[in-house]
Amino acid sequence: MSKLNDFLNEAGIFFLATKDGDQPKLRPLGLHMEMDGKVLFGVGDFKDVYKQLIASPLCEIAACKPDGKWLRYTGKAVFETDPKYAEAALDGAPHLRDIYNDNTGNKMMIFHLEDAKAVIIPVMGEGENIL
């Protein structure tokens, strides 16, 4: 998991693909963290992405580093129930507390991927399975 997390750190922004009915949806994200042996991601409970992951949890994350290597991370989104994960995410990105707090009623929902595969792919050549 550390190799996956390190890649995401180096890439900065990554893209999450979900399904909305028959239409794929893709959006940039940046929030991720490694904790308890998992790479975790966060989305707002009020956003379409959360509703899409609940309705159809199969998703894919893609990221690209400046050197051209890119990552494909595919699996099933499983949301965490322990609030410690959302707190850790907000501690790591305190500016998000303006969005996710008791006054707004918005909650940060944290998930990880299960039954996942992760491949780092060079510009030319074969990819490396890292999970």
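Is Arg-72 buried, partly exposed or exposed? At 35% relative accessibility, Arg-72 counts as partly exposed. The terms rest on relative accessible area, with a 1.4 Å probe and protein chains only: buried is under 20%, exposed is over 50%, and partly exposed is in between.

## Basis of the model

This is a predicted model, in which local features need pLDDT of at least 70 and side-chain atom pairs count only at pLDDT 80 or more, while totals for chains, interfaces and linings use all residues. Residues are numbered from 1 along each chain as its sequence is written, and side-chain values use heavy atoms, with hydrogens and water left out.

Helices (H or I, at least four residues) and strands (E, at least two) are DSSP runs, numbered from the N terminus.

The buried residues of α1 are Leu-4, Asn-5, Phe-7, Leu-8 and Ala-11. They cover an arc of only 160° around the axis, so they sit on the same side of α1. The arc is that of the directions from the helix axis to the C-beta atoms. An α-helix has 3.6 residues a turn, so residues three or four places apart point the same way. The cover over the buried residues of α1 includes β1, β3, β4, β5, β6 and β7; contact means heavy atoms within 4.5 Å.

Just after α1, Gly-12 has a positive phi of about 85°. Ile-13 is in the loop between α1 (2-11) and β1, and with 49% relative accessibility it counts as partly exposed. Together with Phe-15 and Leu-26, Ile-13 makes a nonpolar surface patch of about 300 Å². Patches are made of residues with over 30% relative accessible area and no salt bridge; like charges are joined within 9 Å, and nonpolar side chains (Val, Leu, Ile, Met, Phe, Trp, Tyr) within 5 Å. Accessible areas come from the Shrake-Rupley method with a 1.4 Å probe, and for residues only the protein chains shown count as cover.

## Helix α2

Helix α2 covers residues 48-55, and its buried residues are Val-49, Tyr-50, Gln-52 and Leu-53. Seen down the axis of α2, these fall within an arc of 165°, so they line one face of the helix. Asp-48 and Ala-55, on the other side of α2, are exposed. Among the elements that cover the buried residues are β1 (14-20), β2 (23-29), β4, β5 (58-64), β6 (70-79) and β7.

Val-49 of helix α2 has 6% relative accessibility and counts as buried. Leaving aside neighbours within four places in sequence, Val-49 is in contact with Leu-16, Thr-18, Arg-27 and Val-43. Val-49 and Val-123 are 74 residues apart in sequence, and their C-alpha atoms are 29 Å apart in space.

## Helix α3

In helix α3 (residues 84-92), the residues Tyr-85, Ala-86, Ala-89 and Leu-90 are buried. Down the axis of α3 they fall within an arc of 130°, so they line one face of the helix. On the other side of α3, Asp-91 and Gly-92 are exposed. The cover over the buried residues includes β3 (32-35), β4 (38-44) and β7 (108-121).

## Salt bridges

A salt bridge is a side-chain nitrogen of Lys or Arg within 4 Å of a carboxyl oxygen of Asp or Glu. The count by this rule is seven salt bridges. One of them joins the side chains of Lys-84 and Asp-36, at 2.9 Å from N to O. Lys-84 lies in helix α3 and Asp-36 in the loop between β3 and β4, so the pair ties together parts that are 48 residues apart in sequence. Lys-84 is partly exposed, with a relative accessible area of 36%, and Asp-36 is also partly exposed, at 49%.

The side chains of Lys-38 and Glu-80 form a salt bridge (3.2 Å, N to O). This pair links distant parts of the chain, with Lys-38 in strand β4 and Glu-80 in the loop between β6 and α3, 42 residues apart. Glu-80 is buried, at 16% relative accessibility. Not counting residues up to four places away in sequence, Glu-80 touches Lys-38, Leu-40, Tyr-85, Ile-110, Phe-111 and His-112. Arg-72 and Glu-60 also meet through their side chains in a salt bridge (3.2 Å, N to O). Here Arg-72 is in strand β6 and Glu-60 in strand β5, 12 residues apart. Glu-60 counts as partly exposed, at 25% relative accessibility. Salt bridges that share partners join Glu-87, Asp-91 and Arg-97 into one network.
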